[in-house]
Amino acid sequence: MSMAKRAGGSTAVRMPLPVSIAWQGIQLELPADWYLNGFSGDWREGVLTISSPGKTHLDIKWVRTRARSDLQFHLQRFLKQLERDARKQRARFTGTIEPEGEQSLRFRWNGHEQAVGRIRRCPDCQCITLMQLCSASRHEPLHTLASAIFDTLLDHPDEHGWVEWSLYGLQTAVPERFRLESHAILTGQTRLSFRAGRERLTIERIARAEQLMRGWSMSDWVHAWLRWDRWHGTREPFEFEGDPALIGQGRLHLGTMMSESLQSLFTLRRPAWRIRAVAWLCPERNALFHILHQGSRKDNLLDEVMARTICH
């Protein structure tokens, strides 16, 4: 089951595209073996680069603004910069623009590479997204693949208000009120840390888990490596979709709680002193998944995020 279906969304594509990449509310389906190669920016604006095993790559730029700027102006400025770059490399540059409905333009250019692209404005959230499929090979047929990829674009939360995140083996979703505060992309580990006021949410995937946990019980391992020892509370084993898991809940230690309460006075928000966390081992992927929620009141957020996190 694709992540879009589990979180309540749906897409229609012209060919099977098994890989989902989602970052800062920008989500696309891609061919197998494609991977996220680079990213920058934040929710308001940013850039993604997604690469194939060959000479083809996908560039995505987005900007979320309430101002209704002109798509033709955005695209012409983008192509002018490409033309200047091509001249520096002593390459001949040509480009064309074609309308595609009221909220979209198609474009094509040839220079030091060849590319086909699309710029569109979402009629619901007004997000402007520019996508281009580029190849250094002059004989690469880009149009059919580009259309199939571009048509899967999602650029705003789903109908239930959830935002999808999918990269490096971690597929999950969080409520739209959360913004990414920090991330750690390491060999074998992907960790995303979100914040909404004083409320915090951390989701991570750790690869080669069985080797890392060898000689440890799950309870001892999460205390030592995931730092569940930083808060008071209960820990209970259970099974999540048939896999071994551990769930914990409690509160911050006294010193940390006092610091949290002091900071909340300056932000005029309730202190986030309640902790709920879950960790489970997925033997099929040899990976451990960990979700930790720190909030001010009891709720079911942890359960909802866990249900939207796909391990296999």
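Is Trp225 buried, partly exposed or exposed, and at what relative accessibility? At 54% relative accessibility, Trp225 counts as exposed, where exposed means over 50% relative accessible area, buried under 20% and partly exposed in between (1.4 Å probe, protein chains only). The model is predicted, with local features needing pLDDT of at least 70 and side-chain atom pairs counting only at pLDDT 80 or more, while totals for chains, interfaces and linings use all residues. Residues are numbered from 1 along each chain as its sequence is written, and side-chain values use heavy atoms, with hydrogens and water left out.

**View 1. The aromatic pair of Trp23 and Trp165.** Rings of Phe, Tyr and Trp (its six-membered ring) pair if their centres lie within 6.5 Å, with planes under 30 degrees apart counted as stacked, over 60 as edge-to-face and the rest as tilted; by this rule there are 10 aromatic pairs. Trp23 and Trp165 are edge-to-face, at 5.3 Å centre to centre and 80 degrees between the planes. Trp23 belongs to strand E1 (residues 19-23) and Trp165 to strand E10 (residues 162-167), so the pair ties together parts 142 residues apart in sequence, strands being DSSP runs of E with at least two residues, numbered from the N terminus. Trp23 is buried at 1% relative accessible area, and Trp165 is buried at 3%.

**View 2. The aromatic pair of Trp216 and Trp225.** With ring centres 6.5 Å apart and planes at 75 degrees, this pair is edge-to-face. Trp216 is partly exposed, at 39% relative accessibility.

**View 3. Arg235 over the ring of Trp231.** The charged end of Arg235 sits 4.1 Å from the ring centre of Trp231, the criterion being NZ of Lys or CZ of Arg within 6 Å of the ring centre and within 35 degrees of the ring normal.

Definitions and conventions:
Helix = DSSP H or I, 4+ residues; strand = E, 2+ residues; numbered from the N terminus.
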